[in-house]
Amino acid sequence: MDEVMLLTISHQETDFKDTLRGAVHDIAYSTFSRLPHPIPYQGSKRNLASMILAVIQGKRFRRFYEPFAGSAAMTIAACHAKVADAFILGDSLAPLMSIWNQILTAPHTLANTYEKIWESQLDDDEGYYYRIRDEFNQFYDPTKLLYLLARCVKNAPRFNQQGQFNQSVDKRRLGMRPDKMRHEILAASTLLAKHATVVWADFETTLKDATVTDLVYLDPPYEGTTTGDNKRYHQGLERERLISALENLNRRGVPFLLSYDGQCGNKVYGSELPASLHLTRLELNAGRSSQATLNGREEMTIESLYVSSNLVGIEALAR
Ligand SMILES: C[S@@+](CC[C@H](N)C(=O)[O-])C[C@H]1O[C@@H](n2cnc3c(N)ncnc32)[C@H](O)[C@@H]1O
């Protein structure tokens, strides 16, 4: 297995590190790469999902929570790996959760409507994308959002101060073809429909019923993307609010994994979380940065994964 995939740990838990090497190695040969992924979404954890799940070393939970779901890459991987009996995916972006609702309850309708919207675009008519964008910003139709995500620059949702989608069209490609989209939607629906619940809510509301028997995976907007020029999602998250929510999970004994901060080349996004949270920080090597490669540089992206203390001793607990 490629050395790039191995984990390093900033603390001294060498036993945990060795165990993880084995777990990551085993899981790398599984079928994760063929999992469905219907919503193209910048920041998707699709490529890191197997490494992130390796941390729990095969343990099972009652429910798996993904309260910053986006494209729900972790829920898809966790459901495939049967990590829990039930899966709760939440996000505060309402039309995104409507897409998920349709994937679970009316996948053929969603695929048909996407096909109609996609087929109506012509190769050289950028104006079509902007007309759909205007319509979306008026009525928030979820299928129009799916088309915009598939067709926009870097599949990266961007919103202005008024909450309107304002990302530009990618002129070089037409977005995911309808036959592929149908395949992805139906496969995701088959995998998740009987096990998953969709919630349109702020993450703290989604997590209010989580208990010691559940596992939470959090992937909030990173600190560096919440304010200033690099603002990304329709809503950012202040660091203090995240820390207080994590303290709350610790008090309730809810096991969690958190993706937060990272590094690309020499550029560091966000600072480490406080030691008082008793988290173990792993560094996941997410491979070469495609943006840097485009700009002629070779840079690796490193993402931090924080593991709650009740998961670090997981092997010992299981014995
Ligand atoms: C980094 S993305 C998650 C990407 C996801 N892990 C995936 O695989 O696609 C962060 C998500 O958090 C959502 N979000 C931002 N603030 C939120 C909040 N307060 N509560 C719930 N969701 C929020 C955004 O809409 C966005 O979809």
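## F61 and strand β2

F61 counts as partly exposed, because 19 C-beta neighbours lie inside 10 Å. (Buried takes 20 or more other C-beta atoms within 10 Å, exposed takes 12 or fewer, and partly exposed is in between; C-beta atoms are placed from the backbone.) F61 lies in strand β2. Helices (H or I, at least four residues) and strands (E, at least two) are DSSP runs, numbered from the N terminus.

Which residues does F61 touch, leaving aside neighbours within four places in sequence? They are V83, A84, T213, D214 and L215. Contact here asks for C-beta atoms, placed from the backbone, within 7 Å. V83 is 22 residues from F61 in sequence, and 6.2 Å away in space, C-alpha to C-alpha.

## The model as a whole

This is a predicted model; local features need pLDDT of at least 70, side-chain atom pairs count only at pLDDT 80 or more, and totals for chains, interfaces and linings use all residues. Residues are numbered from 1 along each chain as its sequence is written.

The protein has 13 helices and 9 strands. Of its 319 residues, 38% count as buried. Among contacts with a separation of 6 or more, 67% join residues 24 or more positions apart.

The mean pLDDT is 86, and 79% of the residues reach 70 or more. (pLDDT is the predictor's confidence in each residue, from 0 to 100.) Residues 1-6 stay under 50, and the model gives them 10 contacts beyond four places in sequence. Residues 315-319 are also below 50. That stretch has 3 contacts beyond near neighbours in sequence.

Helix α3 spans residues 73-80 and is mostly covered. How many of its 8 residues are buried? The count is 7. They are A73, M74, T75, I76, A77, A78 and C79.

These buried residues pack against helices α2 (49-54) and α8 (178-192). They also pack against strands β2 (61-66), β3 (84-91), β4 (196-200) and β5 (215-218). A49 lies in helix α2. A49 counts as buried because it has 24 C-beta neighbours inside 10 Å. A49 and T75 are 26 residues apart in sequence and 9.1 Å apart in space, C-alpha to C-alpha.

Most residues other than glycine have a negative phi. K82 sits in the loop between α3 and β3. Is K82 buried or exposed? K82 counts as exposed because it has 10 C-beta neighbours inside 10 Å.

Q57 is not a glycine either, yet its phi is positive, at about 50°. Q57 is in the loop between α2 and β2. With 17 other C-beta atoms within 10 Å, Q57 is partly exposed.

## Where α4 meets α7

Helix α4 (residues 94-105) packs against helix α7 (residues 142-151) at an angle of about 100°, with their axes 8 Å apart. Therefore α4 is roughly perpendicular to α7. (Axes are lines fitted to C-alpha atoms, for helices over the stretch in contact, and angles run from 0 to 180 degrees between N-to-C directions. Under 35 degrees is roughly parallel, over 145 roughly antiparallel, 65 to 115 roughly perpendicular, and the rest oblique.)

From α4, the contact uses P95, L96, S98, I99 and Q102. From α7, it uses P142, L145 and L146. By class, this contact has 6 nonpolar, 2 polar and no charged residues. (Nonpolar covers Ala, Val, Leu, Ile, Met, Phe, Trp, Tyr, Cys and Pro; charged covers Asp, Glu, Lys and Arg; the others, Gly among them, are polar.)

## Around the ligand

How many residues surround the ligand? There are 21, and the closest are F68, G70, S71, A73 and D219. (Near means a C-beta atom, placed from the backbone, within 6 Å of the molecule or strand.) The shell divides into 10 nonpolar, 7 polar and 4 charged residues.

V312 is in helix α12 (residues 309-312). V312 is buried, because 20 other C-beta atoms lie within 10 Å. V312 and I56 are 256 residues apart along the chain, with their C-alpha atoms separated by 8.5 Å.

D124 lies in the loop between α5 (107-119) and α6 (126-139). D124 is exposed, because 8 other C-beta atoms lie within 10 Å.

Note on methods. Two residues are in contact if their C-beta atoms, placed from the backbone, lie within 7 Å.
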